[in-house]
2 protein chains.
Amino acid sequence: MQERIRHPLFRDRVVSADEAAKAIRPGMTVAMSGFTGAGYPKAVPQALAARVEQANAAGERFRIKVLTGASTAPELDGALAKVEGMELRLPYQSDPAVRERINAGTLDYIDIHLSHVAQHTWFGFFGKIDIAVVEVAGIRDDGSLVPSSSVGNNKTWLEQADKVILEVNRWQPEALDGMHDIYYGTALPPNRRPIPLVQPDDRIGEPSLRVDPDKVIAVVETDAPDRNSAFSPPDEASKRIAGHLLDFLAHEVKRGRLTDTLLPLQSGVGNIANAVLAGLADGGYRGLTAYTEVIQDGMLKLIRDGVLRMASATSFSLSPDGIAEFNANVDFYSKRILLRPQEISNHPEVIRRLGCIAMNGMIEADIYGNVNSTHIAGSRIMNGIGGSGDFARNGYLSVFMSPSTAKGGKVSSIVPMVSHVDHTEHDTMVLVTDQGLADLRGLSPTQRAKQVVAHCAHPDFRPLLQDYFDRACRDGYGRHTPHLLGEALSWHQRMIETGDMRPAGGG
Amino acid sequence: MQERIRHPLFRDRVVSADEAAKAIRPGMTVAMSGFTGAGYPKAVPQALAARVEQANAAGERFRIKVLTGASTAPELDGALAKVEGMELRLPYQSDPAVRERINAGTLDYIDIHLSHVAQHTWFGFFGKIDIAVVEVAGIRDDGSLVPSSSVGNNKTWLEQADKVILEVNRWQPEALDGMHDIYYGTALPPNRRPIPLVQPDDRIGEPSLRVDPDKVIAVVETDAPDRNSAFSPPDEASKRIAGHLLDFLAHEVKRGRLTDTLLPLQSGVGNIANAVLAGLADGGYRGLTAYTEVIQDGMLKLIRDGVLRMASATSFSLSPDGIAEFNANVDFYSKRILLRPQEISNHPEVIRRLGCIAMNGMIEADIYGNVNSTHIAGSRIMNGIGGSGDFARNGYLSVFMSPSTAKGGKVSSIVPMVSHVDHTEHDTMVLVTDQGLADLRGLSPTQRAKQVVAHCAHPDFRPLLQDYFDRACRDGYGRHTPHLLGEALSWHQRMIETGDMRPAGGG
């Protein structure tokens, strides 16, 4: 195995994680790597959590602000949340311990479009970044950094932080070297120029990250795996959702609105996304591209089979099997996968130019097509908006998908009025559930409602929704978006009280 | 006066408005020019309305779908609405007769981001465009068209419509010739390229509109003024709102986040916008730019005084006094004003690159910063979202403004939960009322609520909002965005029932 730290200056700065963590002091703003459980620092956050715990035991308060790319893992978010070590967290998270504290009101969480994080940092909207803690796969002879399994906001963190701690993780495949494209052409207004990316496979930057060596206060060596979520095969509801969406895409190709190579695909993570990807292979598609955030196992298979010609993302989030498959065919995959900073993977300019097909999950949608991606019953955060807004607003198509019910059929994902809005009626074109698909393009609100109720609602809830809509059309304050405000959120209120959205006796 | 129709082929096609309107048949999709009461066709829509009225009298149904740039005037929207001649209308409207029919449920209205209209037409999402009716200021020797006082979607209408009717309006100043920049570099994905606009004054296109002469079935000569809304001086509430916003901008300059030439300004229309513009002059600013949708009288004065170095827009909507001022100083103004297609004036790529300061009005905001720009009590449409979403999502700053109360103090513009969401918490940075300004950047939902209640709410409603927030923090289903769903929309319900958001006895 080759030495991962090939520059002497950085070799001189190697210390233990405990030693490195000492640089982090209460009240600091610390920016860390990590996106979808890939490429996050594994040692320093845990060492920091131990220090916080000691402080807690001594009756001292030790809390920091933590910025990342997106979700991380128990070693970072979980460890720091469990010792109450964070006062602020942004942008996306999916950790149970973090979620619990946000919803208990003891941890402030800023849910923000992923494309906004880097620029808002540059604008100074989050204040000064004291320290960056960034995992890399290696340090080159020239002192530049081989990025890890995710890029996220690392370019910004390395540039904006006062001081830098690097974790060099030898577990990361050496073959990552060369798979990244770090764009250094960004600027602050009024000095911005067009981003010269016109195809998903365009290389517009450099393979490695730059860092000012004077800022690097510590280098920590690790050999630890990424979160490594296992890849679960799609369930029946996901397969039906995928089936409806694939029928729709085939219809669009037939109508001549799309060619048989479609347009660059953006796909959220999870069961439904995996089912859609699998369906593309079964549908006979070849030579497609992905311009998305995360590459998971399912996409490797599509690349292997030629369904995908290539994939651009910001995170490479594989299961142990996926890692093995990648390592066994490195030469093949490394020519067909590009990892970029998330400000480029999620950039409105690029997404709109490429005309991405945006496919994302949702918690619920209302009959008019407003989508809630983040909140249970309007108050309790689940994960966050992630990049769904970047892609839905700017894509060629915006698709939102969910099983039609949850909690054993007690909760409908189609409701009279969503309890929180992340994507407005102006930004949603297609809704899909296991029941069917509603194509909302070119429809007014009441026309939309008819489609959503008829095609997406579960039969147990369809008559209830139809009844609400009919009465709202009759008695609402206006007939453009008819609502009965005294009743619009009653389904959620009932769910809070009884665990069931259905009226008593109606289930 | 010079001949406005300088190409013989077009001169041969001159007919009366009545004759031209005969080409429009029931069920057709008709795309018309017009943006903020400027540059809309004045004769053919009225002739069409007369035909519809005849059909109505004969017991026949005659309704068409009408697409425009944005709002028009009584001669178009009003005339067609009054005879029930429209079955569908998009995108933005502000006509009382149209609004009445939308809210009665007899006219379907699609409220859509202004930047989406052209591309969704090209994507085929609105079906075929049968006829375009476009006002121009003249026809050149080479058959190209001198655009009128607004550009809107005219490029797209002329290209996408099967047939074209032109209205050549000699009332429009001849000096408009040369003030337009029509970009012909757009394409459909996957063939899109970067839009080469990096400063508000960049010219990237041609001064005139192209049209295929074979599609032009009629040319109608008119001599009729634009809607010509009178310019009303700002009221006290508007002046206070402007004062708070100008203090904030000065603070940002002082902190070094903005230079003293700020960044390109986008400003909605109306009283508050005018007050802000007037305040910029009083604040000693010089050499600013505007990258916006509409140029109104107030902006002419700023250009005249050197406060604005130049302004880019898609519509030139002046009062009679404004027109006189423009005509008297044509050479000066025509070098400092550019009119573009709205797909460029509102393009996310360009707005984000330039880093616009987006300043728009709102109907209401909730304590968490979600903004309703369009609906009264969730159901009744006012006008539409217009370009506010294009600018708020992509600008450097997104500011929403409103007086803190309406209806003589009975209705609060700050509410527990908005009754409709056009701009989500993810897209709103600054809220301003006559009471003060809430800077929401870098704040979590509960931190935001404290700012909004303290700084933006009217004193009559502040204790009620504080009480709601306190109880929601205590009893809500989650503490991330605490709400009491049984009560969240009760203020609107009370307003519907009593005309007053305040509880009985509380006012």
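Predicted model: local features only at pLDDT ≥ 70, side-chain atom pairs only at ≥ 80, totals over all residues.
**Figure 1. Relation between chain A and chain B.** Chain B is superposed on chain A by a rotation of 180 degrees with 0.0 Å of shift along the axis, and the RMSD is 0.0 Å. The two copies are therefore related as by a two-fold rotation axis. Which residue of chain B comes closest to the rotation axis? That residue is B:Glu349, whose C-alpha atom is 2.2 Å from the axis. Of the interface residues of chain B, 100% are also interface residues in chain A, so the copies meet through the same surface. For the model, the ipTM is 0.97 and the pTM is 0.98.

**Figure 2. Strand β12 of chain A and its two partners.** Strand β12 (residues 308-313) of chain A has five of its six residues buried, so the strand is largely enclosed by the rest of the structure. Strand β10 (residues 288-291) of chain A pairs with β12(A) in the parallel sense, over four bridges. Within this pairing, A:Ala311 of β12(A) is the bridge partner of A:Ala290. Strand β14 (residues 337-339) of chain A also pairs with β12(A) in the parallel sense, here over three bridges. In that case A:Ala313 has A:Leu339 of β14(A) as its bridge partner.

**Figure 3. The buried helix α6 of chain A.** Nine of the ten residues of helix α6 (residues 114-123) of chain A are buried, so the helix is largely enclosed by the rest of the structure. The buried set comprises A:Leu114, A:Ser115, A:His116, A:Val117, A:Ala118, A:Gln119, A:His120, A:Thr121 and A:Phe123. Just after α6(A), A:Gly124 adopts a positive phi of about 85 degrees.

**Figure 4. Cysteines without disulfides.** How many disulfides does the structure hold over all chains? There are zero. A disulfide is a covalent bond between the sulfur atoms of two cysteines. For A:Cys456, the closest cysteine sulfur is that of A:Cys473, at 18 Å, which is too far for a bond. A:Cys456 is buried, with 0% relative accessibility. A:Cys356 is buried as well, and its relative accessible area is 0%.

**Figure 5. Two cis peptide bonds in loops.** In chain A, the peptide bond from A:Leu90 to A:Pro91 is cis, with omega near 0 degrees. A:Pro91 lies in the loop between β3 (86-90) and α5 (96-104) of chain A. In chain B, the bond joining B:Pro189 to B:Pro190 is cis, with omega near 10 degrees. B:Pro190 is found in the loop between β7 (161-169) and β8 (216-222) of chain B.

**Figure 6. Positive phi at two residues other than glycine.** A:Ala377 has a positive phi, near 50 degrees. This residue is placed in the loop between β18 (375-376) and β19 (380-381) of chain A. Is A:Ala377 buried or exposed? With a relative accessible area of 3%, A:Ala377 is buried. Phi of B:Thr36 is likewise positive, near 55 degrees. B:Thr36 belongs to the loop between β1 (29-32) and α3 (44-57) of chain B, and at 10% relative accessibility B:Thr36 counts as buried.

Figure 7. An unreviewed UniProt entry lists "domain: Acetyl-CoA hydrolase/transferase N-terminal" at residues 13-221 of chain A. Over residues 13-221 the chain is 26% helix and 21% strand, and the end C-alpha atoms are 11 Å apart. From UniProt (unreviewed entry) also comes "domain: Acetyl-CoA hydrolase/transferase C-terminal", at residues 322-468 of chain A. Residues 322-468 are 33% helix and 24% strand, with the end C-alpha atoms 47 Å apart. The average pLDDT of chain A is 96, and 99% of the residues score at least 70.

Methods. Residues numbered from 1 in each chain as written. Chains lettered and ligands numbered in written order. Heavy atoms only, no water. Least-squares fit on C-alpha atoms with pLDDT ≥ 70 in both. Contact = heavy atoms within 4.5 Å. Disulfide = S-S within 2.5 Å. Buried < 20%, exposed > 50% of the residue type's maximum accessible area, 1.4 Å probe, protein only. UniProt positions renumbered as here; feature names shortened; annotations may be inferred. pLDDT = per-residue confidence, 0-100. Pairing = 2+ DSSP bridges.
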